[in-house]
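Dear colleague,

Please read the notes with the structure open beside them.

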Amino acid sequence: MPEVFVEKLAEFAEGDRRIVFHDGVEIGVFHWQGNFYAYQNLCLHQGGPCCEGVIMHKVEDVLGTDKTWLGQKFSADEAHFVCPWHGYEYDMKTGECVSDRKLKLRKYKVVEKGDEVYVLA
């Protein structure tokens, strides 16, 4: 598998993303909570640039002991990126569409070599 240069590690801040190109394919690479994740930048809905949308923590309902709704909070563990075309949300760690977990973006391995980040395309 070819290694595609993404960025120098020192220039790829936590919470950032990069879009790289290889053989006509766009790949979104995320630096999130100390890890790197990479997915094909092609929304499963209608082919939009899913890796280019907003990144947000999952919104969770807060329920009381009697199961009444108390409000909402942001998850500390799960983050989503949202396709800017129609709002499809994808799990940062798995690439799964959060509304239908059977749908998954194509995932790529990311490697660090010295002070550089590469994606295996």
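Does Glu60 count as buried or as partly exposed, and at what relative accessibility? In this model, which is predicted, Glu60 counts as partly exposed, with a relative accessibility of 22%, and since buried means under 20% relative accessible area, that value falls in the class in between. The side chain of Glu60 meets that of Lys73 in a salt bridge, with an N to O distance of 3.9 Å. This pair links distant parts of the chain, as Lys73 belongs to strand S6 and Glu60 to strand S5, 13 residues apart. Lys73 is also partly exposed, its relative accessible area being 47%.

A second salt bridge, between the side chains of Glu78 and Lys58, has an N to O distance of 3.8 Å. Here too distant parts of the chain are linked, with Glu78 in strand S6 (residues 69-82) and Lys58 in strand S5 (residues 55-63), 20 residues apart. The relative accessible area of Glu78 is 17%, so this residue is classed as buried, whereas Lys58, at 27%, is partly exposed. Both residues also take part in a network of salt bridges, in which Lys58 and Glu78 are linked with Asp91, Glu96 and Arg101.

The salt bridge between the side chains of Asp115 and Lys8, with an N to O distance of 3.7 Å, involves other parts of the chain. Because Asp115 lies in the loop between strand S10 (107-113) and strand S11 (116-120), while Lys8 lies in strand S1 (residues 3-8), the pair ties together parts that are 107 residues apart in sequence. Asp115 is partly exposed at 44% relative accessibility, and Lys8 is likewise partly exposed, with a relative accessible area of 30%. For the structure as a whole, the search finds 10 salt bridges, and the pairs described above are among them.

One further residue deserves a look, namely Arg18, which is located in strand S2 (residues 17-22). Its side chain is joined to that of Glu7 by a polar contact of 2.8 Å.

Conventions:
Residues numbered from 1 in each chain as written. Predicted model: local features only at pLDDT ≥ 70, side-chain atom pairs only at ≥ 80, totals over all residues. Heavy atoms only, no water. Helix = DSSP H or I, 4+ residues; strand = E, 2+ residues; numbered from the N terminus. Polar contact = N/O pair within 3.5 Å; in protein donor to acceptor, adjacent residues only side chain to side chain. Salt bridge = Lys/Arg side-chain N within 4 Å of Asp/Glu carboxyl O. Buried < 20%, exposed > 50% of the residue type's maximum accessible area, 1.4 Å probe, protein only.
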